[in-house]
Every structure is written in structure tokens, then in C-alpha cells.
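Here is my note on the structure, as numbered points. Please read it with the model open.

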Amino acid sequence: MKYQSRFSRIFFPEKCDRCGRIIPLAHSFCPHCEENIRVISDSFCESCGYEKTDCFCESEFNPKLPHIAAVYMYCGDIRERIHAMKFRGRPSFASSFASDMAKRVRQVYPDVAFDGVCFTPMTKSAEKERGYNQSRLLAKSLAHKLGVPLNDCLVKIKQTDKQHSLTGQERKQNLKGSFSVRTPAEAQGKVLLLCDDIKTTGATLNECTEALLSAGAKDVYCICIALADYHGGKE
Ligand SMILES: [Zn+2]
Ligand SMILES: [Zn+2]
């Protein structure tokens, strides 16, 4: 660190992106967050998103995605904040998560020119019940930060059972054929970034990716806030 920036940080200490606490010199998060947040390292598997040492592409539950990256493991403070965003009426957290995702996208997909940012849709009735779709909020903010248009082409056409009560195999079955594209022209020939909050088995991202590719998308890259520590059983 240069003398001047060290000097200015003594008088104007940097604040932690996550919680607003002061960050010690030469750290990126405050000590509290460093202990409670697991950031996924650069050495990760592009088909499942986990760090290479935890890759479980060989598991029968894991659909291999063309490209997947995530920022965090779903635990500690991140789990709390995602819950607050989804279930406790704190959609404003989406913007800060979208900043993390934008940073990650620039870092892991530096040479990809995206034509649009898509998101995993909810059925109309589910969205009405919650009041918002957190994936849409994330995608909107992410699109803005990356300077790429929001692409609202995916639709959920089938009401499905709640995924979190099902096992890996059941999740896949439950979601089969439940997503589609409004009009194929919205996906045709495009390179799309598909965003979601959490990847558990990857079944939702996989179904959405397939819907986009079969509508003629050129390529689909997935980005999530966090990966659940999922090993074939229930969450
Ligand atoms: Zn912090
Ligand atoms: Zn893998």
C-alpha cells in the first residue's frame, strides 16, 4: 500500500462493504465478516461453482452447467442476509449483493460480451404473495452495474412443489418443463447472464439454462450470490 493511501486510511478509515464496521489496514473485510463469511476462491470448478477441492460434478444429483460462478458459500452472515432479503421484506439488500456479483462477473468472465441479464422467474401467484421476486431485483441491479440490458424473457409455466422439501432427484423431476421463454426472439443468438440468489442442487439454473438454449441462445453463463453446502441430501 502506498504511503499516501495508508496515511489517508488512518484519518478516513475504510468501512466494510458488508456491515459498515471499520476495516483494518491491508484487509478487505472487517474481522467480524472475515470470520463469518466464506468467499469462494478463484480456483473453482466452472461446472458446479464449488472450489476445486469440493467439486462434486461426479455426484448423480449435480447437473453440469455450461458456466457457473458464485461469490460466497451459503452460511453465516450471508445466509442471514439472503434470508432477510427473501423472507423478511429487506429487498434493499439486493443492491449490495448485486455489487458483489458484478465484481465476480468481471473477474471470472472478463472477455464475455453479454447481450442481457436474465433471472430465474417465479409464478405470478408466488411473486404476488411475496410482493417481489428477489432474483428480478438482483438481475435488475446487476444489469445496471454491468451496463447490460435486463432480459425478462424467462417464464415459469408450471406451479411446482417447494424445492427445499425435496431431495436432489425429486427436485429435478419437480422442475422438468416448468420454465419457458416468452418469445424465442428474446433469446435467439444471444449470450446471456442468468442470475439467481442461491444454488442448491442447480436444478433450477439447469432448467432455465436449457429453456434459454433450446430457444436459440448462443451461450448461458450463471451467477449466484451463494452456493449451499449441498451433498445429495436435503438442504
Ligand atoms: Zn463487516
Ligand atoms: Zn465441479
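Predicted model: local features only at pLDDT ≥ 70, side-chain atom pairs only at ≥ 80, totals over all residues.

1. At what angle do helix α4 and helix α6 pack, and how far apart are their axes? The angle is about 50 degrees, and the axes of α4 (residues 93–108) and α6 (residues 134–146) lie 8 Å apart. That makes α4 oblique to α6. Axes here are lines fitted to C-alpha atoms, for helices over the stretch in contact, and angles run from 0 to 180 degrees between N-to-C directions. Angles under 35 degrees count as roughly parallel, over 145 as roughly antiparallel, 65 to 115 as roughly perpendicular, and the rest as oblique.

2. Side-chain values use heavy atoms, without hydrogens or water, residues are numbered from 1 along each chain as its sequence is written, and chains are lettered from A and ligands numbered from 1 in the order in which they are written.

3. The average pLDDT (the predictor's confidence in each residue, from 0 to 100) is 88, and 94% of the residues score at least 70. Helix α1 (residues 3–11) is lowest, with a mean of 68. Strand β2 (residues 116–119) is highest, at 98. Helices (H or I, at least four residues) and strands (E, at least two) are DSSP runs, numbered from the N terminus.

4. Look next at the residues between α4 and α6. Contact means heavy atoms within 4.5 Å. On the α4 side, the residues include Phe97, Met101 and Val105; among their partners in α6 are Leu138, Leu142 and Leu146. By class, this contact of α4 with α6 has 10 nonpolar, three polar and two charged residues. Ala, Val, Leu, Ile, Met, Phe, Trp, Tyr, Cys and Pro count as nonpolar, Asp, Glu, Lys and Arg as charged, and the others, Gly among them, as polar.

5. Helix α4 also packs on α3 (residues 76–87). Their axes come within 9 Å and cross at roughly 130 degrees. The two helices are therefore oblique to each other. Ile78, Ile82 and Met85 are among the α3 residues that meet α4, where Phe93 and Phe97 are among the partners. The contact of α3 with α4 divides into seven nonpolar, one polar and one charged residue.

6. The side chains of arginine 104 and aspartate 42 meet in a salt bridge (3.7 Å, N to O); the term means a side-chain nitrogen of Lys or Arg within 4 Å of a carboxyl oxygen of Asp or Glu. Arginine 104 lies in α4 and aspartate 42 in the loop between α2 and β1, so the pair ties together parts 62 residues apart in sequence.
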